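Dear colleague,

Please find the structure below, handed over for your records.

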Amino acid sequence: MPEVKIEIGGKEFAVACQDGEEQYLRDAAAMLDREARGLVTQIGRMPESRMLLMAGLMLADRTAAYEQKAAAAEEKLARQERLIEEMEAMPAPEPERVEVAVIPSQVTDTLAELAARAEAIAALAEERSAG
């Protein structure tokens with residue numbers, strides 16, 4: 001079982017941990033050290049046990065707030081998943097019927113003839129204005 005030396009609030013401790021958990025221990029000790037150093041900066045010297053207690057309580061308070069946020073997020077996610085399941089269970093909507101007006105062939109023929117005449121008139125106008 002490895003032993004890791006950590007420093008919290010300016011005091012060194014030797015702590016044993018499971019193989020492979022050394023970095024987790026160092027990270028946790030760094031968090032506790034930040035809190036402890038903040039206390040020492042604000043309050044000054046205090047007994048080691050009080051410093052560790054206060055730093056631990058501050059971390060526990062922060063952790064409780066994160067747990068509440070995580071629980072709220074999990075509940076919101078569960079509501080969204082239920083809503084998705086309900087929507088997926090709904091039958092597909094009936095396709096909307098759209099009526100498209102049918103233009104009689106006489107109208108399209110007449111429009112094509114008018115377009116041809118307009119092009120002929122435009123060509124004639126260009127010819128006369130150029131010459």
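Apart from neighbours within four places in sequence, Ala-36 is in contact with Ile-8, Gly-9, Met-51 and Ala-55, where contact means heavy atoms within 4.5 Å. The model is a predicted one, in which local features need pLDDT of at least 70 and side-chain atom pairs count only at pLDDT 80 or more, while totals for chains, interfaces and linings use all residues. Residues are numbered from 1 along each chain as its sequence is written, and side-chain values use heavy atoms, with hydrogens and water left out.

Buried stands for under 20% relative accessible area, exposed for over 50%, and partly exposed for values in between (1.4 Å probe, protein chains only). Helices (H or I, at least four residues) and strands (E, at least two) are DSSP runs, numbered from the N terminus.

Turning to the charged pairs, a search of the whole structure finds five salt bridges, each defined as a side-chain nitrogen of Lys or Arg within 4 Å of a carboxyl oxygen of Asp or Glu.

One of them joins the side chains of Arg-62 and Glu-35 (2.4 Å, N to O). Because Arg-62 lies in helix 2 and Glu-35 in helix 1, this pair ties together parts that are 27 residues apart in sequence. Arg-62 is partly exposed, with a relative accessible area of 37%, whereas Glu-35 is buried at 8% relative accessibility.

Within helix 2, Arg-79 and Glu-75 lie four residues apart, about one turn of the helix. Their salt bridge has its closest N and O atoms 3.5 Å apart, and Arg-79 is partly exposed at a relative accessible area of 41%.

In helix 3 (residues 105-130), Arg-117 and Glu-113 are likewise four residues apart, about one helical turn. Their side chains meet in a salt bridge (2.7 Å, N to O), and Glu-113 is partly exposed at 44% relative accessibility.

With kind regards
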